[in-house]
Every structure is written in C-alpha cells, then in structure tokens.
Amino acid sequence: MKKFTSVKDIDSLPDWVETAKKLKANPYAFKHLGENITLGLLFFNPSLRTRLSTQKAAINLGMNVMVMNLNSDGWSIELEDGTVMDQGTQEHIKEAAGVISQYCDIIGVRTFPRLKNRDEDYSEKILNKFIQNALVPVVSLESATLHPLQSLADVLTIEEQKKTPKPKVVLTWAPHPRALPQAVPNSFAEWMKVADVNLVIANPEGFDLAPEFTEGVTVLHKQDEALKDADFVYAKNWSSFEDYGKIGEGFNDWQITTDKMALTNQGKFMHCLPVRRNVIVADEVLDSDASLVLEQANNRTYAAQVVLYKMLQNG
Ligand code: CP
C-alpha cells in the first residue's frame with residue numbers, strides 16, 4: 001500500500017472495519033510490527049485530534065514518531081518544476097520529500113486548501129507532490145479536498161452504534177462564521193457511499209458538494225425534511241463549492257438544536273471536531289447522551305492504527 005488518501009485506496013471497507021475493531025479490542029497486540037520503523041507527521045496546518053491520535057496509533061504499533069510543523073519550523077517549499085527559485089521559496093519539494101524519506105518509513109501530510117482557486121485546491125497539488133517525490137508511503141492527514149482518517153473513524157463509530165442494519169445517516173450543513181474546507185463532508189460522503197447506509201445530504205441552496213460526491217445520493221435543501229427519522233445526524237459546515245469559498249450567511253436556523261434532534265429516530269449526533277458551540281450545535285445536544293463526538297475522537301486512533309497496520313503488514 002503506497003498511499004492512503006481516499007476510500008479508493010483500500011481494498012475492502014468491511015475488512016478494514018473488522019481490523020479496526022480487533023485493534024481497538026487489543027491495541028498492543030502488534031507492538032512488534034513497528035519496531036525500528038519511523039513515522040513522520042508533517043503539518044502545514046493546525047491539528048489536535050489527527051496529530052495526537054496518529055501518534056498514539058503509531059506508538060500502539062511500536063513505531064517511532066517524529067512530528068514537524070512545516071509552515072512554522074521548516075523552509076518554505078517550492079512545488080513547481082523548472083522554477084528559478086529567486087523569490088520566497090527556499091527548498092524544492094523534490095529535495096524535501098526525498099530527504100524526509102531518508103529519516104521516515106511512512107510520511108503523513110496535512111495540507112488544507114486555500115479556498116481561493118477551486119481547480120488548484122481540487123488538484124491536490126501539495127499532497128500529490130509529496131506522493132510523487134517521497135520514496136516511502138504517504139498517508140493523508142487531511143488534504144485540500146478529503147479527510148480519509150476522519151471518515152474511517154466515522155464509519156467505525158456508526159458500525160459500533162447502529163441499531164438497524166442499514167441506518168439513515170444525514171450529513172447536514174450547519175452555520176459557521178468563517179469559510180471552511182469541503183474536505184470532511186466530501187470524504188464523509190465518499191466513505192458513506194461505500195458503507196451500508198442510507199445517506200441523505202442536507203444543505204442550503206448554493207452549497208451542494210461537488211457532483212462526484214453527491215452522485216447517487218439524495219440531496220435536500222430543507223433540513224427538517226432530511227432529519228426526519230434519521231439514525232445519525234452528522235453536522236458540518238462547508239463553504240460553497242459552486243461559488244467557491246463563499247460563506248453561508250443568514251442560515252442560523254440550520255444549527256442543530258434539541259428541536260431538530262426531536263425529528264430524528266432518537267438519532268445520534270456526530271461532528272468531527274473542533275466545533276463551535278451554539279453556532280453549529282446547541283450545548284444541549286453536544287452535552288447530551290445522543291452525542292458521539294468523543295467516541296468519534298477515540299476511534300481516530302484505531303482508524304490511524306489500521307492504516308499503519310496495513311502498511312506495516314505489506315512491508
Ligand atoms: N477532526 C480533526 O481532524 O481534528 P484536528 O483538526 O484537530 O486534527
């Protein structure tokens with residue numbers, strides 16, 4: 001396995017979920033597997049969960065871990081080939097990725113979109129340049145358009161919590177004061193389409209996700225209609241794909257409240273975190289027994305662990 005960037009990189013989702021459950025039940029069973037193997041985690045952007053859970057997953061497998069905040073601690077990286085590097089960038093991705101590969105056996109990269117140019121963000125330039133130039137496997141720690149470690153953890157959480165074989169899962173847009181990437185909802189839709197669930201997406205008009213993620217999925221522009229009889233409510237804000245990067249203003253009634261949750265089938269509340277309280281979701285929902293946010297965060301460790309386990313197993 002040379003990369004983990006999307007659900008398309010895995011062979012069988014049911015097998016991966018079963019493996020994650022086994023690793024969760026016995027996290028240290030494969031501590032020998034990572035002996036003398038080093039994971040390098042490279043962050044261009046902030047992180048709490050991804051950073052700590054991926055380190056924990058590696059430690060559980062007996063690996064060594066090195067972490068670097070590339071934006072603040074590294075040289076400024078040039079991505080273009082053939083550039084005369086007489087401006088701001090100091091180190092080319094060819095050397096940077098090649099050098100990191102001398103120290104690390106697996107590399108994780110987090111790189112957010114700029115939300116200025118849709119084609120540029122959706123080309124996944126930074127992640128793909130790392131994959132092209134690294135000499136070792138690369139794991140996405142959230143890229144411009146996808147967050148596969150989060151989605152795998154979310155699949156595991158739904159599998160553990162579901163009360164019916166094919167639950168209704170509603171991914172709903174929720175308000176936020178700043179422009180956020182589409183990575184989490186894109187990825188959630190991508191993985192849910194492979195999982196055995198009935199996925200419905202709810203968002204205001206003008207905030208439909210890219211067609212490749214909504215194809216074959218029911219998309220509603222009325223949140224109340226979508227929430228009816230939901231088993232799981234996954235709230236997330238995203239900026240517009242259509243009017244790229246635009247913030248949704250005037251949709252405060254899309255916040256998830258106890259009244260909204262009352263429309264569901266005693267549904268569970270999910271969010272990837274971090275979450276803005278009383279903007280995305282009301283305190284009463286987030287602090288209720290219906291909230292799965294800590295279970296999701298816990299499962300981030302086992303999502304990362306199954307990825308590393310598969311890579312280590314494959315040599
Ligand atoms: N959900 C998530 O990826 O959290 P962090 O940005 O804190 O890693």
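Predicted model: local features only at pLDDT ≥ 70, side-chain atom pairs only at ≥ 80, totals over all residues.
**Aromatic pairs**

I started with a search of the whole structure for aromatic pairs and got 11.

I picked out Phe-44 and Phe-130. Their ring centres are 6.2 Å apart and the planes sit at 65 degrees; over 60 counts as edge-to-face, so that is what I call this pair.

**Helix 2 against helix 13**

Next I looked up how helix 2 (residues 49-60) meets helix 13 (residues 293-313). Their axes come within 8 Å and cross at roughly 50 degrees, which makes helix 2 oblique to helix 13. I noted the crossing as right-handed.

Which residues make the contact? From helix 2 I listed Arg-49, Thr-50, Ser-53, Thr-54, Lys-56, Ala-57, Ala-58 and Asn-60. From helix 13 I have Ala-297, Arg-300, Thr-301, Tyr-302, Ala-304, Gln-305 and Leu-308. Sorted by type, the contact residues come out as 6 nonpolar, 6 polar and 3 charged.

**Pro-177**

I went to the loop between strand 8 (168-173) and helix 8 (183-194), where Pro-177 is found. At 46% relative accessibility, Pro-177 counts as partly exposed. Setting aside neighbours within four places in sequence, I see Pro-177 in contact with Ile-247, Arg-276 and Val-279. I also checked Pro-177 against Asn-237: they are 60 residues apart in sequence and 9.5 Å apart in space, C-alpha to C-alpha.

Where is the cis peptide bond I noted? It joins Leu-273 and Pro-274, with omega about 0 degrees. I place Pro-274 in the loop between strand 12 (268-270) and helix 12 (283-286), and Leu-273 lies in the loop between strand 12 and helix 12. Leu-273 also has a positive phi of about 65 degrees, although it is not a glycine. With a relative accessible area of 16%, Leu-273 is buried.

Asp-229, not a glycine, has a positive phi of about 65 degrees. I found Asp-229 in the loop between helix 10 (223-227) and strand 11 (232-236). Its relative accessible area is 45%, so I put Asp-229 down as partly exposed.

Definitions and conventions: Residues numbered from 1 in each chain as written. Heavy atoms only, no water. Axes fitted to C-alpha atoms, helices over the stretch in contact; angles between N-to-C directions. Helix = DSSP H or I, 4+ residues; strand = E, 2+ residues; numbered from the N terminus. Parallel < 35°, antiparallel > 145°, perpendicular 65-115°, else oblique. Left-handed = near helix turned anticlockwise from the far one by under 90°. Contact = heavy atoms within 4.5 Å. Nonpolar A, V, L, I, M, F, W, Y, C, P; charged D, E, K, R; others polar. Phe/Tyr/Trp six-rings, centres within 6.5 Å; stacked < 30°, edge-to-face > 60°. Buried < 20%, exposed > 50% of the residue type's maximum accessible area, 1.4 Å probe, protein only.
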